[in-house]
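Colleague: I have a model open and want to learn how to read it. Can you take me through a few features?

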Amino acid sequence: MTKSTEELEKYVSQTRRDIVRMVHAVQSGHPGGSLGCAEYLTVLYQDILRHNSSNFSMDGKNEDVFLLSNGHISPVFYSALARSGYFSVEELATFRKLNTRLQGHPTTHEGLPGVRIASGSLGQGLSVAAGIAEAKKLNGDDKLVYVLMGDGELQEGQIWEALMYAAHNKLDNIIATVDVNGRQIDGDTKDIMGFEDLKSRFESFGWNVLTMDGNDVDDVRDTLSKAGVLQGNGQPICILMNTEMGNGVDFMMGSHAWHGIAPNDEQLASALDQNPETLGDY
Amino acid sequence: MSNLTAMEKKDTRSGFGDGLYELGVQNKDVVGLCADLTGSLKMNKFQNEFPDRFFQVGIAEANMMGMAAGLATAGKIPFTGTFANFSTGRVYDQIRQSIAYSHKNVKICASHAGLTLGEDGATHQILEDIGLMKMLPGMTVINPCDYNQTKEATIAIAEHNGPVYLRFGRPKWPIFTETGKFEIGKALHLREGKDVTIFATGHLVWNSLEAAKALAEEGISAEVINIHTIKPLDNEAILDALSTTRCAVTAEEHQMHGGLGDSICQLLALNSPTPVEMVAVNDSFGESGKPEELLDKYGLGIKDVVAACKRAIARKG
């Protein structure tokens with residue numbers, strides 16, 4: 001823990017600007033979920049991960065690794081990677097353009113530092129995390145595997161296969177965070193395919209469950225720190241992270257409408273007004 | 001040239017199991033994953049000897065493919081084992097995104113492929129897997145023909161950096177290739193001939209050799225070339241052979257659509273149009289029965305290869 005709350009909030013503000021500017025520039029992408037996870041990815045990359053961002057290694061040996069399972073929130077992932085030094089922030093301007101390394105959904109295919117697996121087709125990240133977690137145990141590597149999933153994504157059956165595997169095999173080096181924003185493309189998650197009492201569902205699958213307010217920088221930092229200490233208890237760790245889709249941009253909050261649409265010029269100006277430039281726009 | 005007199009029979013899946021065990025001894029990065037079919041895949045020896053490097057994932061193939069991608073990301077060389085149907089069709093998107101597109105060094109090892117699985121019937125007799133796998137960019141596709149070749153191929157793919165689909169089967173089958181280093185992508189000449197070339201893969205290689213013997217008794221000289229690697233295809237060896245024989249038969253335990261025959265027809269159409277006859281399943285599911293009965297019923301028997309050779313020769317200009 002090296003950064004103050006005020007410093008982290010500066011990163012959050014800048015990341016929100018990155019997200020809306022990237023999506024606006026190509027009039028495509030997913031701003032809603034990206035904004036909701038700005039605090040989480042900022043705190044993770046700026047303050048929690050023990051990683052080497054200037055010399056990326058695919059195998060992540062003796063480093064904490066992060067996997068984004070809900071790949072459509074790539075704007076926030078790319079901003080977090082660039083703002084922590086994996087590649088230059090200027091490259092954010094290439095998002096979703098021809099020949100870019102910043103594909104619509106994250107991929108290893110173009111060699112972008114910081115990305116270890118392609119995602120986009122949902123439900124696959126936790127299984128990949130379980131594989132890396134097993135490899136770390138085999139190697140005597142005590143660093144952690146972080147993975148982020150969406151709450152709508154929990155409707156994919158593969159996740160429950162991986163949940164069973166990780167608990168049965170005591171993969172206590174996994175910290176899986178679920179972005180509980182209650183929204184998905186077709187509406188509210190509770191109406192589409194609701195999960196009542198997610199906490200007890202994860203607990204009944206053998207996971208150690210924490211909850212946090214994903215839009216509160218201090219709570220995110222405290223909970224992630226607490227989660228890291230739980231390693232060694234023989235149980236994989238889940239954080240149910242309550243967030244507001246579109247957080248930080250008032251007109252994007254309160255519905256699922258901004259899952260996958262881009263702001264126009266006027267809306268961009270309003271979004272930028274609400275989030276000051278703190279670290280320099282790309 | 002290989003020894004073409006089979007001395008004994010053994011299942012190709014045992015070649016996989018024995019090859020995997022040898023790899024386990026040689027290379028500590030090799031790990032195994034299995035979805036509740038350890039005995040069927042002959043992975044017990046690896047499991048017993050290297051329990052730390054063996055992951056039992058239960059009946060959850062999608063998770064197995066994702067985990068294999070994760071293990072490969074962290075520098076391991078994972079070998080997944082389950083039936084061919086559950087190794088491909090059931091988990092196509094996991095393979096496509098987490099393994100092929102992500103270029104992970106995963107070896108997808110698939111047993112009980114094709115009709116010769118026998119009595120379990122069509123639900124398990126996948127005949128589309130070669131097509132599914134060869135369409136994925138960067139995927140290597142190998143279908144060895146006997147115990148020895150399966151064992152050598154298993155060992156060889158560990159040294160290849162990239163995703164591989166290795167397809168083998170259930171029944172005891174004649175052993176006729178010699179042991180020795182397996183070269184990915186290199187066609188193997190098994191019998192010389194000048195009237196027609198049979199390009200065969202998997203269990204159908206033996207049927208093709210038997211067919212060539214029968215044809216010889218009728219005065220027809222058939223060349224037999226084993227194409228164990230369907231992708232990348234040994235284009236040069238195929239075009240070279242046909243410059244002499246000028247007609248081809250393809251033989252495989254797979255659908256006509258998407259299999260070896262389809263790859264060879266594409267190569268020839270683009271480079272050197274040549275008459276081809278295909279011995280393969282013609283747009284049909286399989287059914288329960290004994291392996292030999294099924295091969296006969298679905299047109300993959302020795303007599304079918306013989307008839308295809310005569311048709312191909314008759315079409316030469």
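This is a predicted model: local features need pLDDT of at least 70, side-chain atom pairs count only at pLDDT 80 or more; totals for chains, interfaces and linings use all residues.

Colleague: Start with the helices. How are two packed helices described?

Modeller: By the angle between their axes and the distance between the axes. Take α1 (residues 5-26) and α3 (residues 38-48) of chain A: their axes come within 9 Å and cross at roughly 125°. That angle makes α1(A) oblique to α3(A). The crossing is right-handed.

Colleague: Which residues of α1(A) and α3(A) make the contact?

Modeller: From α1(A), they are Leu8(A), Tyr11(A), Val12(A), Thr15(A), Arg16(A) and Ile19(A). α3(A) answers with Ala38(A), Glu39(A), Thr42(A), Val43(A), Gln46(A) and Asp47(A).

Colleague: Now a single residue. Is Pro236(A) buried or exposed?

Modeller: Count C-beta neighbours; 20 or more within 10 Å means buried. Pro236(A) has 32 inside 10 Å, so Pro236(A) counts as buried. Pro236(A) lies in the loop between α9 (217-229) and β7 (237-242) of chain A.

Colleague: What is Pro236(A) in contact with, leaving aside neighbours within four places in sequence?

Modeller: Ala166(A), Ala167(A), Leu171(A), Asp172(A), Ile174(A), Ala176(A) and Trp207(A). Check Asn208(A) too. Asn208(A) and Pro236(A) are 28 residues apart in sequence, yet their C-alpha atoms are 6.1 Å apart in space.

Colleague: Next, the core. Which members of the largest nonpolar core touch the most other members?

Modeller: Ala129(A), Ile174(A), Ile198(B) and Cys309(B), out of 185 residues. Helix α3 (residues 61-73) of chain B gives the most to this core, with eight residues. Domain 1 (10-174) and domain 2 (188-315) of chain B each contribute at least three residues.

Colleague: Pick one of those members. What does Ile198(B) touch beyond four places in sequence?

Modeller: Its contacts include Ser208(B), Ala211(B), Ala212(B), Ala222(B) and Glu223(B). Val224(B), Val249(B), Ala251(B), Val305(B) and Cys309(B) are also among them.

Colleague: Last, the domains. How is the size of an interface often given?

Modeller: Often as the accessible area lost when the parts come together. Here we can go by residues instead. Chain B is divided into domain 1 (10-174) and domain 2 (188-315). Their centres, taken over C-alpha atoms, are 25 Å apart. The contact takes 27 residues from domain 1 and 30 residues from domain 2.

Colleague: Which elements supply at least two residues each on the side of domain 1 of chain B that touches domain 2 of chain B?

Modeller: α6 (129-134), β6 (140-142), α7 (147-157) and β8 (172-174) of chain B.

Note on methods: Residues are numbered from 1 along each chain as its sequence is written. Chains are lettered from A and ligands numbered from 1 in the order in which they are written. A nonpolar core is a set of buried Ala, Val, Leu, Ile, Met, Phe, Trp, Tyr and Cys residues joined through C-beta atoms within 7 Å. A residue is buried if 20 or more other C-beta atoms lie within 10 Å of its own, exposed if 12 or fewer, and partly exposed in between; C-beta atoms are placed from the backbone. Helices (H or I, at least four residues) and strands (E, at least two) are DSSP runs, numbered from the N terminus. Domain bounds come from an automatic or database domain assignment. Two residues are in contact if their C-beta atoms, placed from the backbone, lie within 7 Å. Axes are lines fitted to C-alpha atoms, for helices over the stretch in contact, and angles run from 0 to 180 degrees between N-to-C directions. Angles under 35 degrees count as roughly parallel, over 145 as roughly antiparallel, 65 to 115 as roughly perpendicular and the rest as oblique. A crossing is left-handed if the near helix is turned anticlockwise from the far one by less than a right angle, and right-handed if clockwise.
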